[in-house]
Amino acid sequence: MEHLHMLSILVRNKSGVLQRITGLFSRRGYNIQSIYAGQTKNPTISRIIIEVPGDDFIINQVKNQVNKLVDVIEISEPDADAAQAMQQARENIIR
């Protein structure tokens with residue numbers, strides 16, 4: 001069953017990393033519902049949060065493909081509580 005997944009991706013803070021990640025989604029035909037990126041407390045690392053619809057099989061494929069990119073440090077799918085907190089923070093920003 002397809003539903004919205006939130007992926008948290010830690011990457012090296014280098015130019016072109018976000019473009020390579022979104023390009024991978026585009027080439028594979030995966031839709032990005034929303035995307036947020038920002039520097040972490042460590043200025044050499046950024047966090048990218050992507051919301052993508054799909055079933056578990058598709059999401060596992062996405063995670064495996066993104067994880068193969070050179071500047072990706074870690075990719076995870078936050079638990080339900082963390083995902084809900086991120087969603088609420090996003091909604092507050094949009095308002």
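**Comments on the predicted model**

1. Helix α1 covers residues 17-28, twelve residues in total, and extends 17 Å between its first and last C-alpha atoms, close to the 16 Å expected at 1.5 Å a residue. The model is a predicted one, and the remarks that follow should be read accordingly.

2. Five names make up the buried set of α1: V17, I21, G23, L24 and F25. These buried residues pack against strand β1, β3 (45-54), helix α2 (56-67) and β4 (72-76). After the helix comes G29, which has a positive phi near 80°.

3. V66 belongs to helix α2. Its relative accessible area is 0%, so V66 counts as buried, the cut-off being under 20%. Beyond its neighbours within four places in sequence, V66 is in contact with L24 and F25, and also with I9, V72 and I75. L24 and F25 are themselves among the buried residues of α1. The C-alpha atoms of V66 and T22 lie 9.6 Å apart, although 44 residues separate the two along the chain.

4. S8 lies in strand β1, which runs over residues 3-12. Is S8 buried or exposed? With a relative accessible area of 5%, S8 is buried. The side chain of S8 forms a polar contact of 2.7 Å with the side chain of R47.

5. The surroundings of S8 deserve a separate entry. When neighbours within four places in sequence are set aside, S8 is in contact with R47 and I48, as well as with E74, I75, S76 and P78.

Terms used
Residues are numbered from 1 along each chain as its sequence is written. This is a predicted model: local features need pLDDT of at least 70, side-chain atom pairs count only at pLDDT 80 or more; totals for chains, interfaces and linings use all residues. Side-chain values use heavy atoms; hydrogens and water are left out. Helices (H or I, at least four residues) and strands (E, at least two) are DSSP runs, numbered from the N terminus. Buried means under 20% relative accessible area, exposed over 50%, partly exposed in between (1.4 Å probe, protein chains only). A polar contact is a pair of N or O atoms within 3.5 Å; within protein, one must be able to donate a hydrogen and the other to accept it, and residues adjacent in sequence count only if both atoms are side-chain atoms. Contact means heavy atoms within 4.5 Å. The expected span of a helix is 1.5 Å times one less than its number of residues.
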